[in-house]
Amino acid sequence: MPFTSVLALHRRGFLQSGAACALAGLSGPAFAAVGNVTPQSEGFAARLRPGSARVRMVGDEAPATAVWTYNGVEPGPALRLRQGAPFRAGVENGLTEATTVHWHGIRLPNAMDGVPGLTQPTILPGRGFEYAFTPPDAGTFWYHSHENSLVQMGRGLVGALIVEEREPPAVDRDLLWVIQDWRLARNAQIAPGFNNRMEAAMDGRVGNTVTINGRLPETLQVRAGERVRLRLLNAAIARIMALRFEGHRPVIVAVDGQPCDPHEPADGRILLGPAMRADVMLDMQGEPGHAYRVVDDFYGRLAYTLVSLSYNASAPLRPHPVDAPLRLPRNPVPRPDLASAVLHEVRLQGGMMGGMSGGGMGGGMMGMGSGAAWAINGQSMTGDGNPDMPPLFRIDRGRSCVLDFRNETAWWHPMHLHGHSFNVLSRDSVPVPHDEWGDTVLVRPRERVRVAFVADNPGDWMLHCHVMNHQVGGLMTTIRVT
Ligand code: C2O
Ligand code: CU
Ligand code: CU
C-alpha cells in the first residue's frame with residue numbers, strides 16, 4: 001500500500017512543522033483506523049463519572065496520555081437519546097476538583113444547564129448530581145464540563161450527544177467524528193500552561209495533535225457507492241477547522257444539530273469553529289482501491305491531512321448514486337418574528353491588536369477586571385462566570401430577539417448562546433442562505449453577524465465565545481429571559 005507511506009510521511013511532516021513538533025518520531029504503523037462508532041450508551045439513562053484516565057491517543061508505541069474524561073474513555077461515551085423521550089444522567093465526580101456537565105445545544109430547563117453558580121452549585125469531588133431533561137430536538141449535540149472549563153475540556157472532559165430522529169434518513173452508515181485538538185509534549189503528555197496570557201489575547205490554545213474519536217487517525221475504510229451520514233463535532237478548545245474532502249462533494253444537511261436546506265459548502269470547505277457541529281451526507285463516489293484525503297486548511301500554511309478515505313477494492317455498492325432525499329425533518333424550534341423582534345447589539349472587544357485604548361490585555365477597558373483580555377459591550381465576565389454581574393439584557397419570555405454581533409476585534413469568535421437555537425440571518429448585511437440555524441455562530445474578524453431567536457426558555461443563560469481562552473478571559477455574559 002504505497003499510499004500508507006505517503007500518508008505517514010505527510011503526517012510526519014505535519015508533526016515536525018511549526019507548532020506541530022512534539023510527536024516527531026512517534027509516528028509508527030500503529031495509527032488507529034476510524035471505524036463505525038457504536039454508541040456506548042443508548043436510550044433513557046446514563047451514568048457519567050468524570051475522572052482521570054490514561055488513553056492511547058497517538059499510537060500503540062507511544063506512551064499512554066493522561067487525560068480527564070468520562071467513564072475512562074476519551075472522548076466520553078457517545079450518548080444516543082430519543083427525540084421527545086425523557087433522559088436522566090447521574091454524574092458522579094471522580095475528579096479531585098469540582099465540576100459540572102453542560103448539555104451543549106439542548107433546549108432544556110435552566111436548572112439542568114450545568115453552569116456553576118448560575119444554574120446549579122458545582123459538583124464537589126466525590127459528590128453527585130442528577131440531570132434530567134427531555135430533548136425536544138433531534139440532531140448532533142454534545143456535553144462537556146462547564147467548570148474550570150478551559151482546563152477540564154482541554155484535558156478531555158467532552159463527549160457527543162446524539163438525539164435520534166423519529167424517522168432517520170436512509171443512509172448506509174451513520175458515523176460520528178469527535179474531533180479534538182491537543183498540545184502534547186514529546187512524551188505524549190498534555191503540555192501544561194493552558195492559560196498563557198499572550199495566547200489568551202490571540203487565537204487561544206491551538207494544539208499540535210488532532211484526534212478523531214480520541215485517536216490520531218489514519219484512514220476511514222469505505223466502499224464505493226455507499227452513502228454515509230457523517231456527524232462532525234469540533235470539540236477543540238480553540239482550533240478552528242476548515243475541512244475539504246478531496247474528490248468528494250459533501251452536502252451539509254444540519255448545522256449545530258438543526259436541519260438546514262441541504263447544500264454544498266461554499267468553496268468546498270466545511271468551516272467549524274470550536275463547539276460547532278455539521279451533519280454531512282457523503283456519497284462515496286471515489287474509485288475502488290483509491291484513497292482520498294480529508295484536509296484541514298484553516299490555518300493556511302499549517303494545513304494537514306486529518307484522515308484519508310480509503311476505498312476497498314469491491315465494486316460499487318449500487319450502480320447509481322442514492323437518490324433518497326437529503327433533507328432532515330425540521331425540529332420544533334419556533335421561528336422568530338422579525339417585525340416585532342427586539343434588537344440587542346453585542347460588541348465583541350479586546351484582544352491583541354484590538355484597537356481599544358490600552359491595546360487590550362486588560363488595559364483601559366471599562367469594567368474589565370484584572371486578567372481580562374476581552375469584553376462584551378465594555379464588560380468582562382471572566383473565569384467560569386460571575387452570577388453577581390448583571391445580565392447584558394432582560395427580555396420578556398416569548399419575545400423574538402435579534403442579536404447583532406459586532407466583532408470589533410482582530411480575531412475569530414464562535415459565539416454560543418445557551419438554552420436556545422437561533423436562525424443566522426446575515427453577515428455584513430448580506431442574507432445567509434439555506435435557512436441556517438445554530439447555537440454557535442462563527443464571527444470573523446471585524447464582521448457583523450445577526451442572528452434571531454424566540455426567547456421562549458425562562459432563566460439566565462450564558463452567551464460566550466467558545467474559544468475557551470476567550471471565554472475565561474472575559475468574552476462572556478448572560479441574558480435573562482423572564
Ligand atoms: Cu458549550 Cu457554555 O458552552
Ligand atoms: Cu452551551
Ligand atoms: Cu473568541
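Me: Let's begin with the copper ion (ligand 3). Which residues coordinate it?

Reply: This is a predicted model, and in it the copper ion (ligand 3) is held by His413 through ND1, Cys465 through SG and His470 through ND1, at 2.0 to 2.1 Å.

Me: And how are those donor residues spaced in sequence?

Reply: The pattern for the copper ion (ligand 3) is H-x51-C-x4-H.

Me: Is cysteine 465 buried or exposed?

Reply: Buried. Its relative accessibility is 0%, and buried means under 20%. Histidine 470 is also buried, with a relative accessible area of 0%.

Me: Ok, what about the copper ion (ligand 2), what coordinates that?

Reply: Two histidines do: His102 and His416, each using its NE2 atom, at 1.9 Å. Histidine 102 sits in strand E7 (residues 101–104) and histidine 416 in strand E26 (residues 413–417), so this pair ties together parts of the chain that are 314 residues apart in sequence.

Me: Where do they stand on burial, histidine 102 and histidine 416: buried or exposed?

Reply: Histidine 102 is buried, at 1% relative accessible area. Histidine 416 is buried too, at 0%.

Me: Switching topic. What's the mean pLDDT of the protein chain?

Reply: The mean is 89, and 87% of the residues reach 70 or more.

Me: Where does the pLDDT fall below 50?

Reply: One such stretch is residues 1–41, which has 83 contacts in the model beyond near neighbours in sequence. Another is residues 356–368, with 29 contacts counted in that way.

Me: Now salt bridges. How many are there?

Reply: The count comes to 33. One of them joins the side chains of aspartate 60 and arginine 215, at 3.5 Å from N to O.

Me: Where in the chain are aspartate 60 and arginine 215?

Reply: They are in distant parts of the chain, 155 residues apart. Aspartate 60 is in the loop between strand E3 (50–55) and strand E4 (65–70), while arginine 215 is in the loop between strand E12 (209–212) and strand E13 (219–222). Aspartate 60 is partly exposed at 47% relative accessible area, whereas arginine 215 counts as buried at 19%.

Me: Got it. What does arginine 88 form a salt bridge with?

Reply: Its partner is glutamate 130, and the closest N and O atoms are 2.8 Å apart. Arginine 88 belongs to strand E6 (residues 87–92) and glutamate 130 to strand E8 (residues 128–133), so the bridge ties together parts that are 42 residues apart in sequence. Arginine 88 is partly exposed, at 44%, and glutamate 130 is partly exposed, at 40%.

Me: And aspartate 172, which residue does that one pair with?

Reply: Arginine 318, with 2.8 Å between the closest N and O atoms. Aspartate 172 has a relative accessible area of 31%, making it partly exposed, and arginine 318 is partly exposed at 25%.

Me: Last one: which residues are linked in a network of salt bridges?

Reply: Arg80, Glu164, Glu165, Asp174, Arg229, Arg231 and Asp279 are linked that way.

Technical notes. Residues numbered from 1 in each chain as written. Chains lettered and ligands numbered in written order. Predicted model: local features only at pLDDT ≥ 70, side-chain atom pairs only at ≥ 80, totals over all residues. Heavy atoms only, no water. Donors = N, O, S within 2.8 Å, 3.2 Å for Na, K, Ca; no water. Helix = DSSP H or I, 4+ residues; strand = E, 2+ residues; numbered from the N terminus. Buried < 20%, exposed > 50% of the residue type's maximum accessible area, 1.4 Å probe, protein only. pLDDT = per-residue confidence, 0-100. Contact = heavy atoms within 4.5 Å. Salt bridge = Lys/Arg side-chain N within 4 Å of Asp/Glu carboxyl O.
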